[in-house]
Amino acid sequence: KLSNRLTQVGAFVPQDAVLLDVGSDHAYLPIHLIKSGRISQAIAGEVVKGPYESAVANVQAAGLQNQITVRLANGLAAFDSAVDGVTTVTIAGMGGHLIAEILEDGRDKLDHVSTLILQPNNGERHLRQWLQAHDFMISDEKILAENDKIYEIIVARHGKQANLTEAELCFGPYLLQEKSAVFLDKWQAELAVNQAILANIPASAQQKQAEFSAKIAKIKEILNVSQ
Ligand code: SAM
């Protein structure tokens, strides 16, 4: 059964999208989306041989070779923008810095891609900043918990939006507005981690102290914890 995390990523894929799933690993996401009738064409891209072979084997076992093309490729090199007609790109289960790097490296190819569905495991602020700097607007977000981990999903489309505030970059414009129970859990935990770090910074490291104090204040502010 597909993880709740990937199910939620898939829930953002538009009906009949032509999908590129970057870093597809077992190709679970494209297989699920084709079987459920959401899409009929996908490319599963993988840069590492082992996962690539497992994707090939799983696609074959599912009998979906005509619908899912598995390619051994780095990031967005897995598709040809002139012939593949990719409309939606998913990149899930990697760090936000790596996701931003993959988008940056293949930037020219994103012109005809209408939807990016990104699930960074960390570095969300950096990724939101990259999106904003490259004229993508965040059109939706989701936060969810699974197996004691908390994941964020960011959906982006071409377009300019009002510049995100520092809080929106850090916490997510939609997530911040919604302040769900999972969101509050995440930031309570982050608060505790940062407080523990601060407690261990020697008094002589003033700059480090100030840096963590500022981080803590930022989190307290959105949690409405009094200083
Ligand atoms: N997307 C799946 C998920 O969310 O469950 C798999 C996540 S797995 C942790 C990350 C996968 O991305 C690995 O299989 C890795 O080989 C692949 N990967 C990392 N960098 C990549 C790149 N530049 N291009 C394509 N695949 C990449």
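Two strands count as paired here if DSSP finds at least two bridges between them. Strands (E, at least two residues) and helices (H or I, at least four) are DSSP runs, numbered from the N terminus. With that in hand, let's start at β1: residues 18-22 form this strand, and 5 bridges join it to the parallel strand β2, residues 41-46. The bridge partner of V18 in β2 is Q41.

A word on the model itself. It is predicted, so to speak of local features a pLDDT of at least 70 is needed, and side-chain atom pairs count only at pLDDT 80 or more, while totals for chains, interfaces and linings use all residues. Residues are numbered from 1 along each chain as its sequence is written, and side-chain values use heavy atoms, with hydrogens and water left out.

**The sheet**

β1 and β2 belong to an open sheet of 7 strands with mixed pairing, in the order β3-β2-β1-β4-β5-β7-β6. At its edges are β3 (68-72) and β6 (136-146), each of which pairs on one side only. From one strand to the next, the twist averages 15°; axes are lines fitted to C-alpha atoms, for helices over the stretch in contact, and angles run from 0 to 180 degrees between N-to-C directions.

Moving along to β7, you will find antiparallel pairing. 3 bridges join β5 to β7, and L116 stands opposite A156 in β7. β6 and β7 are also antiparallel, over 10 bridges, with K142 opposite I153 in β7. These two strands, β6 and β7, form a hairpin with 2 residues between them, and N147 in the turn has a positive phi of about 50°.

Contact here means heavy atoms within 4.5 Å. Helix α4 (residues 96-105) lies across β1, β4 (88-94) and β5 (115-120), and runs at about 150° to β4. Helix α8 (residues 181-199) also packs on the sheet, where it touches β6 and β7 (149-158), and its direction makes about 80° with that of β6.

**Domains and pockets**

The protein is divided into domain 1 (4-163) and domain 2 (184-223), with bounds that come from an automatic or database domain assignment. Taken over C-alpha atoms, the centres of domain 1 and domain 2 are 33 Å apart.

Pockets are found on a 1 Å grid over the protein atoms alone: a pocket is an open set of points with protein on both sides within 12 Å along at least five of seven lines, a cavity is a set where a 1.4 Å probe fits but cannot get out, and lining residues have an atom within 4 Å of a point. Grid points are joined across faces, edges and corners, and a volume is the space filled by probe spheres set on the points. For the lining classes, Ala, Val, Leu, Ile, Met, Phe, Trp, Tyr, Cys and Pro count as nonpolar, Asp, Glu, Lys and Arg as charged, and the others, Gly among them, as polar.

| Pocket | Volume | Lining by class |
|---|---|---|
| Largest pocket | about 460 Å³ | 6 nonpolar, 6 polar and 7 charged residues |
| Second largest pocket | about 200 Å³ | 4 nonpolar, 4 polar and 3 charged residues |

Both domain 1 and domain 2 give residues to the lining of the largest pocket, so this pocket lies between them. Of its 19 lining residues, G123, E124, K186, W187 and E190 lie nearest the centre. α8 gives the most to this lining, with 4 residues.

The second largest pocket has R5, D21, H26 and Y28 among its lining residues. α1 (4-11), α2 (28-35) and β4 each supply at least two residues of that lining.
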